[in-house]
Amino acid sequence: MQANAGAKVKKPDPQKVQQIKSQHANFRAQPKPQQVPAVTFNQNRRIEGADRWQGSQYQVFRSYHPEWHDQGWYHSHFNRVELIGGGYYYWNGGYWYPAWGYSPSEQYYAYDGPIYTGQHAEPPDKVIADVQAVLQDMGYYKGEVDGLLGPMTREALAAYQADQGLTQTAAIDEPTLGALGMS
């Protein structure tokens with residue numbers, strides 16, 4: 001699915017990006033399991049295709065595998081663990097990761113993998129909402145700006161990445177956030 005097949009895709013307007021980011025300054029995603037089904041824990045899961053993604057900026061995707069730990073383990077290994085959009089995430093090196101096992105009653109994840117948000121450690125739901133709004137403005141994303149990295153958002157990301165000549169990760173990664181003028 002390409003929004004502008006055959007046409008050179010323009011870059012997002014920097015002023016529009018800043019306007020969108022300011023609109024979502026206090027954004028908080030809510031779980032929506034009926035619209036965006038939750039993924040389930042699978043310790044053997046690997047991100048499909050990541051072994052073919054070249055470059056150091058994709059190493060986190062190549063090496064990612066879900067782990068199940070309790071609250072104590074997460075707090076002894078990471079400085080930030082936060083409840084975001086129905087599930088706990090931990091912050092590590094520019095990425096948010098699902099904190100599987102942190103709280104059995106809070107296990108809603110629309111996507112099981114790293115989410116790049118840059119060195120500012122903004123919550124992933126805010127960054128996802130910003131990306132959704134920019135992709136919506138550019139004609140790639142037709143869904144609701146909900147801050148969840150669900151199938152429609154991943155489809156829009158893949159189409160944008162293809163049009164930009166980026167590696168098609170269908171995820172929020174460093175090159176994509178940079179191309180969107182959001183890093």
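This is a predicted model: local features need pLDDT of at least 70, side-chain atom pairs count only at pLDDT 80 or more; totals for chains, interfaces and linings use all residues.

Biologist: In what order do the elements run from the N terminus on?

Modeller: Count them by type. There are six helices and four strands. From the N terminus on, the order is α-α-α-β-β-β-β-α-α-α.

Biologist: What radius of gyration does the protein have?

Modeller: The C-alpha atoms fill a box of roughly 50 × 35 × 30 Å along the principal axes. For 183 residues, the globule rule gives 16 Å. The protein comes close to that, so it is as compact as a globular protein of that length. Its radius of gyration is 16 Å.

Biologist: What percentage of the residues is buried?

Modeller: Buried means under 20% relative accessible area. The protein has 183 residues. The buried share of them is 52%.

Biologist: Among contacts with a separation of 6 or more, what share joins residues 24 or more positions apart?

Modeller: Contact means heavy atoms within 4.5 Å. Take the contacts with a separation of 6 or more. Residues 24 or more positions apart account for 56%.

Biologist: Which residues are closest to the centre of the largest pocket?

Modeller: The largest pocket holds about 190 Å³ of space. It is lined by 14 residues. The closest to its centre are Tyr64, His65, Glu67, Tyr90 and Tyr97.

Biologist: Which elements each supply at least two residues of the lining of the largest pocket?

Modeller: The lining of the largest pocket divides into nine nonpolar residues, four polar and one charged. Helices and strands both take part. The elements with at least two residues each are α2 (59–63), α3 (71–77), β2 (87–92) and β3 (95–98).

Biologist: Which helix gives the most to the lining of the second largest pocket?

Modeller: The second largest pocket has a volume of about 160 Å³. Among its lining residues are Gln35, Tyr141, Asp146 and Met152. By type, the lining has five nonpolar residues, five polar and two charged. The most, three residues, comes from helix α5 (residues 151–164).

Biologist: Let us turn to single residues. Is His24 buried or exposed?

Modeller: His24 sits in the loop between α1 (14–23) and α2. Beyond its neighbours within four places in sequence, His24 is in contact with Lys126, Ala129, Asp130, Ala133 and Val145. Its relative accessibility is 10%. The cut-off is under 20%, so His24 counts as buried.

Biologist: Which residues does Gly101 touch, not counting those up to four places away in sequence?

Modeller: Gly101 lies in the loop between β3 and β4 (115–116). Gly101 is buried because its relative accessible area is 9%, and buried means under 20%. Residues that Gly101 touches are Trp68, His69, Asp70 and Gln107.

Biologist: How far apart in space are Gly101 and Gln34?

Modeller: In sequence, Gly101 and Gln34 are 67 residues apart. Take the distance from C-alpha to C-alpha. In space, they are apart by 22 Å.

Biologist: What is phi of Ala121?

Modeller: Ala121 is found in the loop between β4 and α4. At 10% relative accessibility, Ala121 counts as buried. Ala121 is not a glycine, yet its phi is positive. The value is about 60°.

Biologist: And what is phi of Ala170?

Modeller: Ala170 lies in the loop between α5 and α6 (174–179). Ala170 is buried, with a relative accessible area of 15%. Its phi is positive, in a residue other than glycine. The value is near 55°.

How values were computed. Residues are numbered from 1 along each chain as its sequence is written. Side-chain values use heavy atoms; hydrogens and water are left out. On a 1 Å grid over the protein atoms alone, a cavity is a set of points where a 1.4 Å probe fits but cannot get out, and a pocket is an open set with protein on both sides within 12 Å along at least five of seven lines; lining residues have an atom within 4 Å of a point. Grid points are joined across faces, edges and corners, and a volume is the space filled by probe spheres set on the points. Ala, Val, Leu, Ile, Met, Phe, Trp, Tyr, Cys and Pro count as nonpolar, Asp, Glu, Lys and Arg as charged, and the others, Gly among them, as polar. The radius of gyration is taken over C-alpha atoms; the globule rule is 2.2 Å times the number of residues to the power 0.38. Buried means under 20% relative accessible area, exposed over 50%, partly exposed in between (1.4 Å probe, protein chains only).
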